[in-house]
Amino acid sequence: MATLQLDSNLALFLLFVASCLVIASRLRSGRNDGARALPPSPPGLPIIGNMHQLGRGHHHRKLQALAQRYGDIFRLRLGAVATVVVSSASMAEEVLKNHDHVFCGRPQQHTARGILYDCRDVAFSPYGERWRQLRRIAVVHLLSVKRVDSLRLLREEEVASLVARIRTMSVQAVNVSGLIVNLTHTVTSRAAFGNRLGGMDPRIFREMMKEVADLLETIAVSDMFPRLRWVDWATGLDARIKRTAGKLDNILEGAIKEHEERSGNEGEAGDDLLDDLLLAVKEGGEGFSLDMIDVKGLILDLFIAGIDTTSKSMEWTMAYLIKNPRQMAKVQAEVRQIAGAQGVLEEQLGRMSRLQATLKEAMRLHPPVPLFVPHETIEDIKLRGYDIPAKTRVFINAWAIGRDNESWENAEEFLPERFINTGIDYNGRDFRFIPFSAGRRGCPGIEFATRLAELALANLLYHFDWELPEGQDLESFEVIESSGLSPGLKSALVLVAKPVKA
């Protein structure tokens with residue numbers, strides 16, 4: 001989800017004021033909502049509506065506070081954009097299941113259009129036949145269970161490499177957050193490109209993807225005030241988007257060229273996801289022709305949706321286990337009882353119910369994306385007695401849903417037991433727990449993300465005992481989230497790893 005963070009502060013506000021006549025004209029010509037039964041709304045200000053009530057950062061928390069006052073569905077006006085916020089499991093089920101055919105649209109964010117080839121990807125693409133075909137290709141060629149299974153050796157190699165690296169740093173303070181990010185990036189890069197980036201330093205590519213994430217977190221002025229598109233140019237946002245998109249496209253063009261050249265050499269069969277997509281371009285398909293722009297968009301989605309979200313879920317899990325030593329002991333006992341001397345293998349993960357429950361509980365408290373990428377209604381609809389007009393933007397607050405006292409007993413506490421022997425999974429059927437969303441727009445990469453997270457966590461807990469650095473105790477160890485697209489810990493998770501003798 002792109003957080004509601006404008007690209008500047010006072011300067012943009014002054015520009016808004018300077019453009020009051022334009023906006024006022026638009027407001028005067030707007031339709032009369034008096035005859036509609038609209039959801040309740042906090043009072044707003046002229047021109048900016050309710051934007052001042054969100055401020056900068058941690059919008060899921062601020063929207064939760066508003067929901068406690070105005071209900072599990074309420075209305076906001078963000079500039080010129082009509083918005084509805086959903087904050088309960090029952091209301092999420094209405095939106096993502098019962099009326100998914102109406103709420104399946106996607107607003108076209110300015111930065112996403114600039115970075116993702118005019119939204120030629122799956123995540124930000126408008127709903128329609130083209131989107132359906134792109135999603136089918138993503139599922140079949142990139143994220144099917146069979147394809148994820150085929151990457152097992154890659155995951156096990158990289159997790160083993162991580163364990164070996166930590167052993168060399170044992171009895172020292174280890175930046176667990178950094179190591180986990182490197183692991184997820186390496187696995188994703190190898191899966192997507194086979195490590196072939198035209199000789200580019202992987203660190204440069206990681207920095208580039210961070211810049212992409214930063215841009216996608218930025219809501220342009222034109223997203224809130226469509227008639228003020230010139231402000232994005234004046235503040236330099238358009239130039240920043242163009243510059244980043246150009247660099248990124250050069251990287252992808254180089255990777256594609258290298259893959260195409262290699263595919264022409266006999267005896268060098270393709271084995272990564274980009275090879276699969278290039279083969280799909282070559283072979284074509286019924287009713288839809290995949291081209292190179294589509295390939296780039298699909299590959300970028302894999303990085304944007306997969307790296308930060310997966311690594312942050314692992315980071316939160318480790319942080320909560322450190323904060324709760326009894327839970328740590330229970331999980332380690334399970335892992336060490338099931339695994340062999342070589343460590344944890346993927347086929348053993350299915351028997352580690354407590355490990356899986358622990359990851360789910362961390363994701364309940366801190367879903368990978370607290371506010372899902374916004375939906376948009378594609379037609380007028382009546383929802384729980386309220387009129388929701390077409391083109392209304394819809395925010396689903398997964399963070400609030402996971403902490404709803406009506407759905408969860410002791411909702412603020414870390415209690416993995418609540419997921420043991422319950423059948424609650426990531427598949428979006430139980431709307432109390434939807435860390436990957438649900439419905440048509442649900443994330444298709446669940447298997448790709450959770451398989452790596454479970455394997456890495458299991459091996460970290462099997463091979464090492466974990467402690468806080470000297471001078472820090474549980475009382476002083478704070479589990480506080482950062483801001484951003486996928487919030488992690490505010491400060492890097494630094495721990496001491498003590499190898500366990502076999």
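What is the handedness of the crossing of α15 and α19? In this predicted model, the crossing of α15 and α19 is right-handed, and the two helices pack at an angle of about 35 degrees with their axes 10 Å apart.

**The packing of α15 and α19**

- Two packed helices are described by the angle between their axes and the distance between the axes.
- For helix α15, which covers residues 292–323, and α19, those two values are about 35 degrees and 10 Å.
- On the α15 side the contact is made by Thr310, Met314, Thr317, Met318 and Leu321, which meet Ala449, Leu452, Ala453, Ala456, Leu457 and Leu461 on the α19 side.
- An α-helix has 3.6 residues a turn, so residues three or four places apart point the same way.
- Helix α19 itself has 18 residues and reaches 26 Å from its first C-alpha to its last, which is close to the 26 Å expected at 1.5 Å a residue.
- Most of α19 is covered, with 17 of its 18 residues buried.

- UniProt, in an unreviewed entry, lists Cys443 under "binding site".
- Cys443 is placed in the loop that runs between α18 (398–402) and α19 (446–463).
- Cys443 counts as partly exposed because its relative accessible area is 30%, a value between the limits of 20% for buried and 50% for exposed.
- The loop between α18 and α19 also holds Asn421, which has a positive phi of about 60 degrees although it is not a glycine.
- Asn421 counts as exposed, its relative accessibility being 78%.

- Lys296 is found in helix α15, and it is buried, with a relative accessible area of 4%.
- Beyond its neighbours within four places in sequence, Lys296 is in contact with Tyr117, Asp249, Leu252, Glu253 and Ile256.
- Helix α13 (residues 237–263) has 27 residues and a reach of 39 Å from first C-alpha to last, close to the 39 Å expected at 1.5 Å a residue.
- The buried residues in α13 include Asp249, Leu252 and Ile256, and these three are also among the contacts of Lys296.

- Gln64 is found in helix α3, residues 59–70, where its relative accessibility of 15% makes it count as buried.
- Apart from residues up to four places away in sequence, Gln64 touches Asn397, Trp399, Ala400 and Arg403.
- The C-alpha atoms of Gln64 and Leu78 are 17 Å apart in space, while the two residues are 14 apart in sequence.
- Asp100 lies in the loop between α4 (89–98) and α5, and counts as buried at 5% relative accessibility.
- Asp100 touches Glu94, Val95, Gly439 and Arg440, when residues up to four places away in sequence are not counted.
- Although Asp100 and Gly439 are 339 residues apart along the chain, their C-alpha atoms are separated by 6.5 Å.

- Gly178 belongs to helix α9, residues 176–193, and counts as partly exposed at 27% relative accessibility.
- Gly128 is placed in the loop between α5 (110–115) and α6 (129–143), and is buried, with a relative accessible area of 18%.
- Gly128 and Cys104 are 24 residues apart in sequence, and their C-alpha atoms are 9.4 Å apart in space.

**A positive phi between two strands**

- Lys391 is found in the loop between β8 (386–388) and β9 (393–396), and its phi is near 70 degrees, a positive value in a residue other than glycine.
- Lys391 is exposed, with a relative accessible area of 57%.

Methods
Residues numbered from 1 in each chain as written. Predicted model: local features only at pLDDT ≥ 70, side-chain atom pairs only at ≥ 80, totals over all residues. Heavy atoms only, no water. UniProt positions renumbered as here; feature names shortened; annotations may be inferred. Helix = DSSP H or I, 4+ residues; strand = E, 2+ residues; numbered from the N terminus. Buried < 20%, exposed > 50% of the residue type's maximum accessible area, 1.4 Å probe, protein only. Expected span 1.5 Å × (residues − 1). Axes fitted to C-alpha atoms, helices over the stretch in contact; angles between N-to-C directions. Left-handed = near helix turned anticlockwise from the far one by under 90°. Contact = heavy atoms within 4.5 Å.
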